[in-house]
Amino acid sequence: MTEKEALFKEVYRSNYSNIMRLCMGYVGGNKSLANDIVQDTFVKVWENLEGFKGKSKISTWVYRIAVNTCLLYLRNEKYKKVQIDHNVLQEPTDHSPEAMDTSNKLNKMYHCINELSEQNRAIILLELEGTPQKEIAEVMGQKHEAIRTRVHRIKKELLKCISNE
Amino acid sequence: MNDFEKIKETWVNQREDFSMEDVFGAVKKRIKKVGNQQKIANIVLVTTIAVLVFYFFAVSAFKDSQMILGMSMMICSLIVRVAIEVLSIRKLRKLNALLSTSQFKAVLIRYYKERKTVHLVVTPLLFITYILGFVILLPVFKNNLSTGLFWYVVISSIIVFPVLIVFIAKQIQKELRVLELLEKME
C-alpha cells in the first residue's frame, strides 16, 4: 500500500460516518443517492489528497468537498424525485417503544431538514455533526458572525417543525 | 441538555445501513471508472470524427460540390456538437470541489449559464445547419438512391428530427431547472 493509499484509507475511516449522515440528511434520507454522493466525495478526496496543505482540519476539508458534491447532484433525476416524494426512511431495528420512538424522531428530523433550503440544510447538518461554527463558515464561504445568526435561526425553525410534526 | 442537543444526539447515534468496507470497495472501483470514462469520451470524439471523415471519402463526396457542401455541413455540425459535449462533461468533472460552497455555487452557475448558451444558441444553429446540409443532399440522394430507399431516408428523417428536438428540449429543461435552483439559493 502506498503512502497516499494509507492516508486515504485513514481519511475515509475517520470521516465516512459523518459524511454519510450529512449526505443522507441532504437528500431526504434517500440511501441510494446518499451512497452515490459519498462515493463521489471520496473520489474527489482521492484526486485532491496530495493538494491538502493542512491549513484546515482534514474533516473540514472533506465536508467542503461533500457539500459541493451535494450541489452537483441537483442535476440528478433521483434528487428531483426526493424533492417531490419526501422519501424518508428509518425503519426501527426492533419494535420496542424506545426503538420506535427513536425511529419516529429521526423520520421527523429527515422530513424537517428536507423542508429547509439547500444552503440551510448543509449548515444545520454540519451543526448536527458538531462542526465548530468557525469551520462551518469556512466550508460555506461566509462570515463567522453571519453563520452564527443563521444557525440560530435554522435551529429554531427545525425545532419548531419537529415539535409540530 | 437542551432540545437541540437532544436531537443532535439522536442524529449522530442513528443506525448506519451501509457497511464502510462495501462503500470503500465501491469508491476504489469508481476511481478507476472515472479514469476510464475520460478515455471513453476521448475515444467517442476521435471515432466520430474518423468515421465521418472516412464516410466523406468513401462516398467520394469531394467529387460533387453540392455533396461537399451538404456533407460538410452535416459532418461539421455533428463534430462540433460532440466536441462541445465531451469538453463540457470534462469541465464539470474538473470543477474545483475545494472551493468554499458559495464560490463553488458561483462557478456552477457560470457553468450552467454557458450550457444555457450552448442549448439555446449553439445547438439550434448546429441543428439548423445539419438539417440544411441534409436538404442540400436530397437531390444527390434522389439521383443516386433507388426510389424506395430515397423515400425511406426522407420519411425516417421526418420522424427522427422531431424526436431529436424533444430529446434536446428535455435536456435543456433539466439543466435550466438546476440553474434556477442554484440562482434561488441564498
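# Exercises on a predicted two-chain model

A:Arg121 and A:Glu118 form a salt bridge, with 3.9 Å between the closest N and O atoms. The structure is a predicted model, and the exercises below start from this pair.

## Exercise 1

Solution. 
Step 1. The cut-off for a salt bridge is 4 Å, and the pair has its closest N and O atoms 3.9 Å apart.
Step 2. Buried means under 20% relative accessible area.
Step 3. In chain B, salt bridges with shared partners link B:Arg81, B:Glu85, B:Arg115 and B:Glu175 into one network.

## Exercise 2

Task: Explain which parts of chain A the salt bridge of A:Glu135 and A:Lys57 ties together.

Solution. 
Step 1. The side chains of A:Glu135 and A:Lys57 meet at 3.3 Å, N to O.
Step 2. A:Glu135 belongs to helix H7 (residues 133-140), while A:Lys57 sits in the loop between helix H2 (31-48) and helix H3 (58-72), so the bridge connects parts 78 residues apart in sequence.
Step 3. A:Glu135 is buried at 12% relative accessible area, whereas A:Lys57 is partly exposed at 48%.

## Exercise 3

Task: Describe the placement of A:Asp101 and A:Lys105 in helix H5.

Solution. 
Step 1. A salt bridge joins the two residues, its closest N and O atoms 3.7 Å apart.
Step 2. They are four residues apart in helix H5 (residues 97-115) of chain A, so the separation is about one helical turn.
Step 3. A:Asp101 is partly exposed, at 40% relative accessible area. A:Lys105 is partly exposed as well, at 37%.
Step 4. Over all chains, the whole structure holds 15 salt bridges.

## Exercise 4

Task: Characterise the interface of chain A and chain B by area, residues and polar pairs.

Solution. 
Step 1. Interface size is often given as the accessible area lost when the parts come together. Chain A and chain B bury about 5100 Å² between them, and 63% of this is on carbon and sulfur atoms.
Step 2. In chain A, the residues that lose the most area to chain B are A:Arg21, A:Arg75 and A:Leu128, together 14% of what that side buries.
Step 3. The contact involves 63 residues of chain A and 43 residues of chain B.
Step 4. One salt bridge crosses the interface. B:Arg93 and A:Glu47 form a salt bridge, with closest N and O atoms 2.9 Å apart. Eleven residue pairs are in polar contact between the chains.
Step 5. H2(A) gives the largest share of the chain A side, twelve residues. By class, that side has 28 nonpolar, 15 polar and 20 charged residues.

## Exercise 5

Task: Decide how the radius of gyration of chain B stands against that of a compact globule of 186 residues.

Solution. 
Step 1. Chain B has five helices and zero strands, in the order α-α-α-α-α along the sequence.
Step 2. A compact globule of 186 residues would have a radius of gyration near 16 Å, but the value for chain B is 24 Å.
Step 3. Along the principal axes, the C-alpha atoms of chain B fill a box of roughly 85 × 35 × 30 Å.
Step 4. Of the 186 residues of chain B, 33% count as buried.

Definitions and conventions
Residues numbered from 1 in each chain as written. Chains lettered and ligands numbered in written order. Predicted model: local features only at pLDDT ≥ 70, side-chain atom pairs only at ≥ 80, totals over all residues. Heavy atoms only, no water. Helix = DSSP H or I, 4+ residues; strand = E, 2+ residues; numbered from the N terminus. Buried < 20%, exposed > 50% of the residue type's maximum accessible area, 1.4 Å probe, protein only. Contact = heavy atoms within 4.5 Å. Buried area = accessible area lost by both parts, 1.4 Å probe. Polar contact = N/O pair within 3.5 Å; in protein donor to acceptor, adjacent residues only side chain to side chain. Nonpolar A, V, L, I, M, F, W, Y, C, P; charged D, E, K, R; others polar. Rg over C-alpha atoms; globule rule 2.2 N^0.38 Å.
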